[in-house]
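Please open the model in a viewer and keep the selection tool at hand.

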2 protein chains.
Amino acid sequence: MKSAQMNGHSLDQLFNPRSVAIIGASSDPAKLGGRPIRFLLEAGYEGTIYPINKRAETVQGLKAYACLADIPGDVDQALIIVPASAALEALQDCIAKNIKAVQVLSSGFSEESAEGLVRQNQLVELAKRHGVRLLGPNCLGIVSVRNRYFATFSTALEALTPSPGGISFATQSGAFGSCAYAQAIQRGLGIARIVATGNEADIDVTECIDFLASDTQTKVICAAIEGCRDGNRLRTALLKAAAAGKPVILMKVGSSVTGQQAVATHTGAIAGNDRIFDVVCQECGAWRAYSIEEMLDIAYVCTQLPLPANDSASIITVSGGIGVLMADDAERYGVKVPAVSEELQQQARQVVPFLVGVNPLDTTAQIGAIKQGLSDLIDLVIGGTEFSTHFIYLAQIPCDPGRFLPLLEQLTAIRTNYPDRLLVLVGPSEESLRKQLEQQGLVIFADPGRAMRAVAALCELKRRWLALHPGLPDPVRPGRHRPDAAKPALNEWQAKRLLAQYGLPVPTEALCESAAQAVTAASEIGYPVVAKIVSSDIQHKTEFGGVLLNLQNAKQVREAFEALLDAAGKLSDKPSIEGVLIAPMIKGGVETILGIHIDPTFGPMVMFGLGGVAVELYDDVAFASVPLSKARAGQLVRSVRACRLLTGWRGQKRLDIEQLESALLRLSDFAQDWAPVLEGVDINPFVVMESGAACLDAVISFRKGT
Amino acid sequence: MKSAQMNGHSLDQLFNPRSVAIIGASSDPAKLGGRPIRFLLEAGYEGTIYPINKRAETVQGLKAYACLADIPGDVDQALIIVPASAALEALQDCIAKNIKAVQVLSSGFSEESAEGLVRQNQLVELAKRHGVRLLGPNCLGIVSVRNRYFATFSTALEALTPSPGGISFATQSGAFGSCAYAQAIQRGLGIARIVATGNEADIDVTECIDFLASDTQTKVICAAIEGCRDGNRLRTALLKAAAAGKPVILMKVGSSVTGQQAVATHTGAIAGNDRIFDVVCQECGAWRAYSIEEMLDIAYVCTQLPLPANDSASIITVSGGIGVLMADDAERYGVKVPAVSEELQQQARQVVPFLVGVNPLDTTAQIGAIKQGLSDLIDLVIGGTEFSTHFIYLAQIPCDPGRFLPLLEQLTAIRTNYPDRLLVLVGPSEESLRKQLEQQGLVIFADPGRAMRAVAALCELKRRWLALHPGLPDPVRPGRHRPDAAKPALNEWQAKRLLAQYGLPVPTEALCESAAQAVTAASEIGYPVVAKIVSSDIQHKTEFGGVLLNLQNAKQVREAFEALLDAAGKLSDKPSIEGVLIAPMIKGGVETILGIHIDPTFGPMVMFGLGGVAVELYDDVAFASVPLSKARAGQLVRSVRACRLLTGWRGQKRLDIEQLESALLRLSDFAQDWAPVLEGVDINPFVVMESGAACLDAVISFRKGT
């Protein structure tokens, strides 16, 4: 028998086993080794449960086995709940029994001590050698609600029983996961899968997202990670989910300085750069949530409704005040609330003569006086607009079955006629009412602001998905002409030559070893010129007078040459001097900064910002992953607030943004080729002119020891 | 008999009447005129209810009267629920009966038509003439829960019954109020008073806040306004509440552009400047909330706990992941989570040997193994720190009475020993459990982020209250040397003279009518100088070459004089030219902008920002109310992000911030004196130097027709 739910993923046996052995099974249903058996029995798991217990004939009414080898047939999965010191032996038994999926729920591994880390490494090595997939150790286990597979000892499930639905949870921390799914259950949200990965010795949250992306039971993925070991695998998993039309709502715990310290203490995982994480979520069509409540609000809407095709919404309200509040919220969260057409206004006033406003549309509390007035108005507005979302503020109507049940019937009909629209009710609701609504594809929120925030997230997710498919390049494209070896540090001349090879605009310059050479170069370049000291030992030239500007003639160039050598010669650390750079004096344009930052998790990222104090004062820079697409380069430039200085600020001419974007793309090419040895790049300033652009200075640094 | 709840406020009779007449009383408990009687009877109102109904002997079991005059004794209050056209006559009857508090619940007034506005004005005039206080018209009425006075026809109260407590609601929109208090009731929060002011023909939300500030039943005030007619009255009411130790949580609906349009359509009230509203809340010790949920979260904590004395918190958690999340939230919302002392760490590890971290303190899920481990740890941390707030994340423990009830007992003891600390539990809770906790002065949140956000608001409120008492000047200080009349527009010379009279630093300058005068002035001032055209008709001099910089000698000054007159003479609108200003050429320093903005609601506000593109690109300006205190001037300067440019940016010297603050104070003096006729002031640039500062240009404009 092959389970119908198998989809060929390597984690299939973990989530959909036909049989499970519990190693360390206890007859006491309250103990760690007893709880999974109790949960499985209570849930009515249809597969076979094999308790392994040397000293008992039966365990909680099930036939027990002294060891795995005693089990007659095949076993899909094993849970190891024995002390850490005995876990390796248990795993050996699993291998002997040809079990390919093993959960180690026991603690006492890397989270506890160096000795524990050794034990954990032994486990993983053994598992890998035999092709066994390992969840944990120190994890809370797996729940597959539809399969009634409750292979966990989470106490949260003692008080709460999840009902089947489309939301899946994948978290590193079991306690974090419990907090999230306990809230979900208490809110009556339906759940597909729950997995907590614990120490992630083998399987991590990323791989679980990858599994859930192709899991037919899962509609929405709620995930929480602390650290991320492989940025590209996470990118790939997120892109896979987006391609499958499954929203991923991701929390990253440990974004604050205090939080990061706590993470380091907690699991030893190093939280990546928080800001880069935001960029990656945006690029890969995922949503980053900042609270469990926000995560669940978005998941709730996603399981019921399609993502909206556009950002526009109508607000129909029985209260003017709440209509205004929702319009405020719409602006704050980025949902558009355009006026409905004059024609529709007229039609609407035929239905509700005392209607106020053009959107929000305020029926006032008098709407009760018109039979079917509210539903007729809703029908009219949905039919008469292309808006994807329709909010309906109902005040206390949902508490009054006499008024609400007829409305619900009419809303159900409307819902059927317009399956691509989002109908979001706002008002109080009991769980039974919510269930009734959800069966009709309607959602309801008590708080108007939370309804708007959730819809805004859906709109943004849709924008991100739309931005994905045309241009997103393969994030693991191989390098093209990566050099064999890299020098530890490049001087300005070398850095610019290298960037020029990639097509970045570098002015015609000359590296001169004598004053005479400098004068010849200056006359070839054309006066005025700039003279700069060139040394791979000196990163900050201007601070000791290593840059002399606006030289007008041969005499000044000769003097500048001597002055630069003099000044450099006086430096206490005796830098090696490679010469003097003679370059054209470029005036005008706007100074920008281009850079490459190597994120330890997500690899090379292109940075863009405007020059001047704004970058430091207002942190007005933006990042994008390498490799950059043309569309993404444009987005990167526009996402910097000071970008307005380039696009015709206060009557000035528009600058050469095409050249800027082209430079960013070429810088991305460079970063991709050199990523393995690169530490960072700073092109500062990169001057953008009305026509053309130029790297005026560049620093390229390589990782030590490469 | 005088009610014990009277406190001498002019709204006393409205909130605490001993008897009430219902004009338009209906025997049908579902009709508008029947509902208040039903609610009053159901609630068990102990005062006397007099239904007024010409055609009935009794109404809902109460003796009815054909008219007010038939009632034998005094009547404290009347509710008018007759058609708008009959309301004036009903009010006349009230006056004849010497009733001093009247609610007009009927609609059909200014909210509906011009005719309605006329009716409304007639009502108010009549009421004012006879000293009658009027609530409404078009309002939802009043609820005083402890008095069991339910004088409203709000349908929200059909399904929901508020329990007595400390939260009061004052909103303009009845429907907005219903939405807020319905959520509060559904959350089990206790309520003191509810009032919706409707059209605010007489009594407005501001006056209700003023009443509630002195109301002994009210602990926390939740208010929502759309427009505000008199900013100073609102300031006074907010300050009164802060002085009484009552947090005011204020929502302003209509902050967005769309929202503002909706408000205009909805009530005709013009929403004031949204940003100024924030400033006023901050200055007057109130909290501005952006959602009903946020409002209720904060109110919930405020009714149970004192405001925290400091911003520091401990986080004790049974889950590392949630601890990290809460540390992230703390940083985001501005709550400090400092490490506990080494001594305390050692003591804590004696209680919980496997404790992880220094704050958050993570007991891990194993804490269940140590009897009283959690409560002993909590006791230790509270006793061993001065932190005002202690978060305790409990995971699912509250769902398990066997584990939670003993803990609750221990927490209650701790609570008693440390009455000034905030103990905030995080975990799921049923309403009955919440009630039990609240009786012990403990609060519980399901969502960790919301718990942190509410506590952060309390911390900020406390900071605002602390900043209030020493320096806040009387916001209605009378003007000192206000001039008799103001010219419609001042030229630069006049504007600077006027500002100099107030002590603002203006360089020695001369207004010259001839080239010879200009040369003389320049030599007295000392070269180099600046020459500027002076005209009250020209606001933007630089655009047509009306400013000539860096003049080095008499010849250049003479040429500049002629060139300026020439250029001005060519302007098409033929401005009147009052002369040429000769001023010293001031170099160096940092350019800032000082200004006065006259907010239509809140009056004159001082503005401060840095010069350059940052103000426009990053909106990096700050406002403060006039009059400014010295402390507030410092706060104003520091609240601008670019302020770092003044305080020793990148190794530069610190600039003369004392002079800057002094100039802001003097500008505030100026604005206070001239407020009645002023339209605005721009001092741009105001240059701050290492020693000293100078107004280099100034525009003062007055309101048209003054």
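Which residues touch the most other members of the largest nonpolar core? Select A:F169, A:I209, B:F169 and B:I209, which hold that place among its 308 residues. A nonpolar core is a set of buried Ala, Val, Leu, Ile, Met, Phe, Trp, Tyr and Cys residues joined through side-chain atoms within 4.5 Å; buried means under 20% relative accessible area, with a 1.4 Å probe and protein chains only. Another core, of 97 residues, lies apart from it, and includes A:L499, A:L636, B:A495 and B:V637.

This is a predicted model, in which local features need pLDDT of at least 70, side-chain atom pairs count only at pLDDT 80 or more, and totals for chains, interfaces and linings use all residues. Residues are numbered from 1 along each chain as its sequence is written, chains are lettered from A and ligands numbered from 1 in the order in which they are written, and side-chain values use heavy atoms, with hydrogens and water left out.

Next, select B:I209 with its surroundings. Beyond its neighbours within four places in sequence, B:I209 is in contact (heavy atoms within 4.5 Å) with residues including B:I221, B:L234 and B:V248.

Now select A:L594, in strand β24 (residues 590–599) of chain A; strands are DSSP runs of E, at least two residues, numbered from the N terminus. A:L594 counts as buried because its relative accessibility is 0%. Its C-alpha atom is separated by 4.9 Å from that of A:F608, 14 residues apart along the chain.

Conventions: Helix = DSSP H or I, 4+ residues; strand = E, 2+ residues; numbered from the N terminus. Buried < 20%, exposed > 50% of the residue type's maximum accessible area, 1.4 Å probe, protein only.
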